[in-house]
Amino acid sequence: MASGLGGVRASTLVSRVREAANMEASQSGSSQFVTDEEIKQRVDEAAGELYEKLITALGEDYFVKSAMVTVSPPASTFVASYGRLNADTYRVLSVHFLTNAEAVEAGARPLFVKCEPFQRADMTHLLNALPSLVGPFRYRLSAQRQRVTDDEEGTASTLIGDRIEIWPQLSDYRDFRVEYIPWFATFDATGEGGDGSPDTFLDADPVYPGIMGWEEWVVLKVAIYCKDKEESDSSKLELRLSEQTQRILDFRGRRDEGAPERVVLTRKRRKRGWYP
C-alpha cells in the first residue's frame with residue numbers, strides 16, 4: 001500500500017521484485033530460493049544507492065535539512081570548540097554563525113555570517129588566534145568517540161558521533177546554523193513529525209519514498225541480485241536497469257520548480273555488502 005507521501009511499502013517492492021525476477025510465490029521451487037527478508041534487506045541497500053543517484057540528479061538542495069547547533073567553549077587552551085551534529089547527518093553543506101543571539105532572544109531578526117571550512121595548512125594561524133565571540137570562524141568535521149560502560153550489565157560500548165570543530169576558540173557558548181543532507185531512510189507509519197526525531201518504534205513494513213516512479217530502479221537492481229543468486233540469465237533486467245539509470249542521469253538540471261524542497265528522513269540504511 002502506498003503512503004500519503006507518495007511512497008511505496010516494502011512488501012509491495014518485494015512483490016514487484018519477485019515478479020521482475022520471475023520468482024512469484026506461485027512458483028514454490030524458486031520463490032524461497034531468496035527469502036522475503038533477504039529481498040527486503042537488498043531493497044533497503046538498493047534504495048540507499050538510488051538516494052545517492054537522486055542527490056546527484058536533483059541537486060543537494062532537494063533533500064537538504066537545517067539545524068541550529070550550539071558550540072561550547074573548549075575545556076583547555078589547546079583544543080578546539082566543538083558542537084554535536086544531528087544523528088542523521090550524512091553530508092554538511094554549509095555552516096553559518098549566528099551573530100546576534102542575544103538580540104534574537106529579545107525579538108530581533110537573526111543575522112548570520114558564513115563560516116568557511118579550513119584545512120591542515122591553516123592550523124598554525126588558527127591555533128595562534130585569540131579566543132573570540134565574533135569571528136570570523138572556520139570549521140571542519142570530526143568524529144567523537146566516547147566509551148560508555150554499564151556496570152550492572154557488565155558491558156562497554158563505543159559511541160561514535162559527528163561534530164563540527166570551530167576555530168578560533170570560543171570564549172562562550174554560541175549558535176551555528178548547519179545545512180546538511182540526511183542519511184537515506186524510510187518513512188515509518190508511526191507518524192514521524194518531520195523534525196528528524198527518532199520514532200518510538202520502527203514499522204515492520206516501512207514506506208520508501210517514491211519519486212516519479214524511480215523506485216523501479218530499486219526493483220530491477222534487487223531482481224538482478226535474485227537472478228544472479230539463482231545463477232539465471234539477468235541480461236534483460238540489466239538492460240532495463242541501464243535504461244532507468246540513464247533516465248535519472250538525464251534529469252540533471254531539469255527539476256520542476258514546483259517540486260518539494262526536501263524529503264524528511266528518519267532512519268539510517270543498512271551498510272552491508274551485496275553478496276554473501
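Which backbone nitrogen lies 2.9 Å from a polar atom of the side chain of Ser81? The backbone nitrogen of Leu170 does. Before going further, keep in mind that this is a predicted model, where local features need pLDDT of at least 70 and side-chain atom pairs count only at pLDDT 80 or more, while totals for chains, interfaces and linings use all residues. Residues are numbered from 1 along each chain as its sequence is written, and side-chain values use heavy atoms, with hydrogens and water left out.

**The overall picture**

The protein chain has seven helices and nine strands. Here helices (H or I, at least four residues) and strands (E, at least two) are DSSP runs, numbered from the N terminus. Of the 276 residues in the protein chain, 40% are buried. The cut-offs are: buried is under 20% relative accessible area, exposed is over 50%, and partly exposed is in between, using a 1.4 Å probe and protein chains only. Among contacts in the protein chain with a separation of 6 or more, 72% come from residues 24 or more positions apart; contact means heavy atoms within 4.5 Å.

**Back to Ser81**

Ser81 sits in strand E3 (residues 81–84), and at 0% relative accessibility it counts as buried. Leaving out residues up to four places away in sequence, Ser81 touches Val71, Ser72, Pro73, Pro74, Ile164, Glu165, Ile166, Gln169 and Leu170.

**How H1 meets H3**

Helix H1 (residues 10–20) packs with helix H3 (residues 36–58) at an angle of about 100°, and their axes are 10 Å apart. Axes are lines fitted to C-alpha atoms, for helices over the stretch in contact, and angles run from 0 to 180 degrees between N-to-C directions. On the H1 side, Leu13, Val14, Val17 and Arg18 make the contact, and on the H3 side it's Asp36, Ile39, Lys40 and Val43. Sorted by type, the residues of this contact are five nonpolar, no polar and three charged. In that scheme Ala, Val, Leu, Ile, Met, Phe, Trp, Tyr, Cys and Pro count as nonpolar, Asp, Glu, Lys and Arg as charged, and the others, Gly among them, as polar.

Cys226 is buried, with a relative accessible area of 1%. Cys226 and Asn22 are 204 residues apart in sequence, yet 9.6 Å apart in space, C-alpha to C-alpha.

Cys115 is buried too, at 2% relative accessible area. If you're wondering about cysteine pairs, a search of the whole structure finds zero disulfides (a disulfide being a pair of cysteine sulfur atoms within 2.5 Å).

Glu216 lies in H6 as well, which spans residues 215–229. Is Glu216 buried or exposed? At 18% relative accessibility, Glu216 counts as buried. Its side chain makes a polar contact with the side chain of Arg240 at 3.1 Å. A polar contact is a pair of N or O atoms within 3.5 Å; within protein, one must be able to donate a hydrogen and the other to accept it, and residues adjacent in sequence count only if both atoms are side-chain atoms. Not counting residues up to four places away in sequence, Glu216 touches Arg16, Arg240 and Gln244.

Most residues other than glycine have a negative phi, and most peptide bonds are trans. Here are some spots that go the other way.

| Site | Backbone feature | Value |
|---|---|---|
| Gly135 to Pro136 | cis peptide bond | omega near 5° |
| Trp167 to Pro168 | cis peptide bond | omega about -10° |
| Asn22 | positive phi, not a glycine | phi about 60° |
| Glu231 | positive phi, not a glycine | phi about 60° |

Pro136 is in the loop between helix H5 (123–128) and strand E6 (138–150), and Pro168 is in the loop between strand E7 (155–167) and strand E8 (174–182). Asn22 is found in the loop between H1 and helix H2 (28–31) and is partly exposed, at 42% relative accessible area. Glu231 lies in the loop between H6 and helix H7 (235–250) and is exposed, at 74%.
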